[in-house]
Amino acid sequence: MSRSDAWVTEVQVCPSILAADFGAFRAQVRDLMDAGARTFHVDVMDGHFVPVITFGHEVVSALADDVHDRGGSLAVHMMVEQPERFAAEYAKAGADSFTIHIEATRDIHLALQIVEESGMIPGVTLNPATPVSAVAEAARYARNLLCMSVSPGWGGQKFIKATTDRLPELRKLARPDAGVEADGGIAAETIVEVYKAGANRLTAGSAIYKQPDPGQAYLDLVEQVRAAGATIA
Ligand code: DX5
Ligand code: ZN
């Protein structure tokens, strides 16, 4: 694993720009980088796999130079049918990882292979009611296992408790060079239990960007995880 990939396995709080001001992504990402954040979670939704449409690879292009110049990464979460169709354009736009839903593609092995060949870190994710065993084989080929802790489609939902039973199972399936990410409802009340259950990539939208001081909210979350024993990258 090269240094440039090490961020996958580090413990990190990853701001999700879904909760940011859509008219000011660059400034909102810069502010969080000033506070120390380095991995930004980018939620792409297509209006089919989930009822909502967000944005596409142009947003990745718009952020890539700023984030990469400061040693950061853009982690794309595709809530899109047959997401492998878009791998090449996201790689070209500057996405570092590309995480796809097991429910959204017919051949997850082929899809992850396409992602890997495009030069991005391949990740697989699953909806809250999809059994963890559904990704047991895909986990051989993935470097990010993302556990949805809400139904995909919207920020600001309530954390699903069963996530803390699912994360240890996902951690068992993860390769040594893979990260385990939790996404949805991660906030002051939930972040420590999620970290203790086996997630090292702790993605938070509303708990950062919907707060009066997003940089401080990020730092407070980092501090909680650090106090629970994590070494934060
Ligand atoms: C939900 C997205 C999440 C979302 C989380 O479909 O995948 O990444 O940004 O938002 P919060 O942290 O507000 O639950
Ligand atoms: Zn997401």
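**Stop one: the metal site**

Along the sequence, the residues that donate to the zinc ion (ligand 2) follow the spacing H-x1-D-x33-H-x105-D. Before you click, the ground rules: this is a predicted model, where local features need pLDDT of at least 70 and side-chain atom pairs count only at pLDDT 80 or more, while totals for chains, interfaces and linings use all residues. Residues are numbered from 1 along each chain as its sequence is written, chains are lettered from A and ligands numbered from 1 in the order in which they are written, and side-chain values use heavy atoms, with hydrogens and water left out.

Now select the zinc ion (ligand 2) and its protein donors: His-41 (NE2), Asp-43 (OD), His-77 (ND1) and Asp-183 (OD), at 2.0 to 2.2 Å. Donors here are N, O and S atoms within 2.8 Å of the metal (3.2 Å for Na, K and Ca); water is not among the atoms, so sites may look incomplete.

What geometry does the site of the zinc ion (ligand 2) have? It is octahedral, with angles of 72 to 175 degrees among 6 donor atoms. For six donors, that label asks for opposite donors over 155 degrees apart and all others between 65 and 115. For reference, ideal angles for six octahedral donors are 90 or 180 degrees.

Strands are DSSP runs of E, at least two residues, and helices are runs of H or I, at least four, numbered from the N terminus. Asp-43 is buried at 4% relative accessible area, and Asp-183 is buried too, at 8%. Buried means under 20%, exposed over 50%, and partly exposed in between (1.4 Å probe, protein chains only).

**Stop two: the rings**

Next, colour the aromatics; the whole structure has 4 aromatic pairs. Select Phe-22 and Phe-25: their centres are 4.9 Å apart and their planes at 50 degrees, so the pair is tilted. Rings of Phe, Tyr and Trp (its six-membered ring) pair if their centres lie within 6.5 Å; planes under 30 degrees apart are stacked, over 60 edge-to-face, and the rest tilted. Phe-22 is partly exposed at 43%, whereas Phe-25 is buried at 11%.

Finally, pick Gln-82, in the loop between strand S3 (73–79) and helix H3 (87–93). Gln-82 has a positive phi of about 45 degrees despite not being a glycine.

Technical notes:
Tetrahedral: all angles 85-135°; square planar, octahedral: opposite > 155°, others 65-115°.
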